[in-house]
Amino acid sequence: MHISEGVLSAPVLASGAAVAAAGLAVGLKKLDYDRLPQVGILAAGFFVASLVHVPIGPTKAHLVLNGLLGLLLGWAAFPAIFVGLALQAVLFQYGGLTTLGVNTTSMALPAVVVYLLFSRLAQGQGRLAWVAGFGAGFLGILFSALMVSGALAASGEAFSSVARLVIVAHVPIMFVEGILTAVIVAFLGRVRPAMLGGASPGVSKEAGR
Amino acid sequence: MHLETFAKGDSPLHCLDPRAKLVAAAAYSLVVGLGTTLALGWAALGVALAAVLVARLPLGSVARRLGAVNLFMALLWVMLPLRLVPAPASFWGLSWEWDPAGLRLAGVITLKANAIALVLMALLATSTINDLFHALAHLRVPTKLVQIFLFFYRYLHVLHQEYHRLTQAMRARGFAPGNNLHTYRSYAHLAGVLLVRSYDRAQRVYQAMLCRGYTGTLWLLDHFTWGSRENLFLVISSLIIAALSWLALESSTWT
């Protein structure tokens with residue numbers, strides 16, 4: 001869900017950049033130096049996981065997992081998503097420099113909202129973790145699609161039909177992401193419960209510093 | 001995964017200080033991205049093509065990358081001229097209306113997006129990622145963000161190999177994706193294992209860094225020299241960007 005350069009209007013680009021800058025500032029401020037490797041390397045893990053193409057009916061869609069990213073990284077979702085998008089803008093020219101703010105916001109803000117809603121629940125046992133996982137995956141995509149669609153619709157009357165199409169196209173992806181995120185959360189709860197600790201996964205504790 | 005395909009070369013743009021290129025690319029994207037006239041679109045595309053020629057990039061790979069950019073553009077060419085209008089008589093309460101102004105808008109957007117993509121290839125993809133990170137740090141981007149970038153990019157390759165091994169193992173066991181719950185569960189576990197390995201690796205990396213006395217400071221090893229070449233480049237690009245902004249502000253009565 002990258003919006004390309006040259007599509008959005010100046011006020012939309014500016015507000016996207018402002019929210020992204022604020023989110024980055026909060027994310028970096030809450031982040032201690034001892035977690036920088038973790039955020040960078042998990043961001044790389046998520047980037048690679050998004051290479052997985054899941055069949056949906058006759059087509060395929062790549063994983064987004066921004067809901068799960070929110071559960072694992074909390075406010076650090078902003079820098080983690082920003083680095084991934086910036087790299088794509090520079091290396092493959094997907095998205096671009098002026099749209100970096102809007103694209104970061106439309107993926108990272110839903111991640112933070114999902115974190116605030118579900119991070120407690122995701123640490124629970126059994127059915128609770130499944131519900132939290134499905135909710136995180138589903139709402140992560142739903143909010144993202146709404147924000148992308150809103151950014152397009154706010155840029156001009158001409159984009160109203162594209163804006164609707166964006167939401168319709170993402171409905172099947174919401175369900176797939178919901179199911180996959182539920183399975184992943186249950187899996188992580190079994191093998192690495194510390195990863196679901198949200199804001200403070202215990203690196204320093206487990207490392208026995 | 002070899003990503004920095006354009007970074008090798010000895011063209012004038014390859015040799016420039018990445019700080020100068022970053023600043024110029026950002027200013028160009030801003031001016032061109034915000035413009036709305038066809039004249040600006042064509043001029044920007046001309047400048048971009050010139051930059052690609054100066055950078056002596058392999059034109060075949062450039063065209064392939066532009067193809068990816070234009071997939072989204074193809075959607076706009078169809079969707080922008082078609083407009084949803086309220087139509088009480090029809091079943092959905094909506095109907096389509098053909099609006100030729102949408103074609104012009106799609107044209108302007110296509111020109112601008114291609115121009116910006118070409119300039120990013122000519123200016124940014126001609127530096128190594130490592131140089132760009134250093135340039136960002138020298139330009140006073142917060143050190144935490146630069147460090148996250150460095151860890152991210154360094155381990156992207158490692159984790160991509162991990163991903164390759166995992167999918168190969170799945171194929172070796174006869175996994176064939178389809179529209180079923182088994183596929184979704186298998187892919188979920190693939191992503192889960194990938195994330196667990198990222199997490200474990202992050203811990204080992206951090207411990208190894210502690211051993212080497214990491215306290216959060218990023219020591220910059222590469223320093224760039226700003227010479228007359230960079231000054232000349234900045235003068236030329238400011239003139240071009242000034243001309244483009246004039247075109248962007250110019251009223252579009254004749255386009």
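Analyst: Contact here means heavy atoms within 4.5 Å. The model is predicted.

User: Leaving aside neighbours within four places in sequence, with which residues is Met209(B) in contact?
Analyst: Met209(B) belongs to helix H8 of chain B. Its relative accessible area is 19%, and because buried means under 20%, Met209(B) is buried. With neighbours within four places in sequence set aside, the contacts of Met209(B) are Phe151(B) and Tyr214(B).

User: What separates the C-alpha atoms of Met209(B) and Leu82(B)?
Analyst: Met209(B) and Leu82(B) are 127 residues apart along the chain. The separation of their C-alpha atoms is 57 Å.

User: Is Ser4(A) buried or exposed?
Analyst: Ser4(A) sits in the segment before helix H1 (10–29) of chain A. The cut-off for buried is under 20% relative accessible area. Ser4(A) has 11%, so Ser4(A) is buried.

User: Which residues does Ser4(A) contact, leaving aside its neighbours within four places in sequence?
Analyst: The C-alpha atoms of Ser4(A) and Tyr94(A) are separated by 6.9 Å, although the two residues are 90 apart along the chain. Once neighbours within four places in sequence are left aside, Ser4(A) is in contact with residues of chain A and of chain B. They are Gly95(A), Thr99(A), Phe72(B) and Met73(B).

User: How many of the residues of helix H3 (residues 66–73) of chain A are buried?
Analyst: The buried residues of H3(A) include Asn66(A), Gly67(A) and Leu68(A). Their cover includes helix H2 (36–49), H4, H5, H6 and H7 of chain A, together with helix H8 (181–211) of chain B. H3(A) is largely enclosed by the rest of the structure, because the count of buried residues is eight of the eight.

User: Which residue follows H3(A), with a positive phi?
Analyst: The phi of this residue is near 60°. The residue that follows H3(A) is Gly74(A).

User: Where does the largest share of the lining of the largest cavity come from?
Analyst: The count comes to one cavity of 30 Å³ or more, and the largest cavity has a volume of about 40 Å³. Strand S1 (53–56), strand S2 (59–62) and helix H7 (160–191) of chain A each give two or more residues to the lining. The largest share, three residues, comes from H7(A).

User: How many residues of the lining of the largest cavity are charged?
Analyst: The lining consists of Val54(A), Ile56(A), Ala61(A), His62(A), Leu63(A), Ile173(A), Val176(A) and Glu177(A). Six of them are nonpolar and one is polar, and the number charged is one.

User: Which element gives the most to the lining of the second largest pocket?
Analyst: The second largest pocket holds about 810 Å³ of space. Its lining has 29 residues, of which Phe82(A), Leu97(A), Leu100(A), Leu22(B) and Leu136(B) lie nearest its centre. By class the lining has 27 nonpolar, two polar and no charged residues. With seven residues, the element that gives the most is H1(A).

User: Why do Phe134(A) and Phe138(A) count as stacked?
Analyst: Eight aromatic pairs are found over all chains. Phe134(A) and Phe138(A) both lie in helix H6 (residues 127–154) of chain A, four residues apart, or about one turn of the helix. Their ring centres are 5.7 Å apart. Planes under 30 degrees apart count as stacked, so this pair qualifies with planes at 20°.

User: What is the angle between the planes of Phe133(B) and Tyr153(B)?
Analyst: Phe133(B) lies in helix H6 (residues 129–138) of chain B and Tyr153(B) in helix H7 (residues 143–172) of chain B, so the pair ties together parts that are 20 residues apart in sequence. Both residues are buried. The pair is edge-to-face, with 6.2 Å centre to centre, and the angle between the planes is 70°.

User: Which residues form one aromatic cluster with Phe133(B) and Tyr153(B)?
Analyst: The cluster has residues from chain A and from chain B. Besides Phe133(B) and Tyr153(B), its members are Phe82(A) and Phe149(B).

User: Over the face of which residue does Lys144(B) lie?
Analyst: Arg154(B) lies over the face of Tyr155(B), at 4.9 Å from the ring centre. For Lys144(B), the distance from the ring centre is 5.2 Å, and the ring belongs to Tyr33(A).

How values were computed:
Residues are numbered from 1 along each chain as its sequence is written. Chains are lettered from A and ligands numbered from 1 in the order in which they are written. This is a predicted model: local features need pLDDT of at least 70, side-chain atom pairs count only at pLDDT 80 or more; totals for chains, interfaces and linings use all residues. Side-chain values use heavy atoms; hydrogens and water are left out. On a 1 Å grid over the protein atoms alone, a cavity is a set of points where a 1.4 Å probe fits but cannot get out, and a pocket is an open set with protein on both sides within 12 Å along at least five of seven lines; lining residues have an atom within 4 Å of a point. Grid points are joined across faces, edges and corners, and a volume is the space filled by probe spheres set on the points. Ala, Val, Leu, Ile, Met, Phe, Trp, Tyr, Cys and Pro count as nonpolar, Asp, Glu, Lys and Arg as charged, and the others, Gly among them, as polar. Buried means under 20% relative accessible area, exposed over 50%, partly exposed in between (1.4 Å probe, protein chains only). Rings of Phe, Tyr and Trp (its six-membered ring) pair if their centres lie within 6.5 Å; planes under 30 degrees apart count as stacked, over 60 as edge-to-face and the rest as tilted. A charge sits over a ring if NZ of Lys or CZ of Arg is within 6 Å of the ring centre and within 35 degrees of the ring normal.
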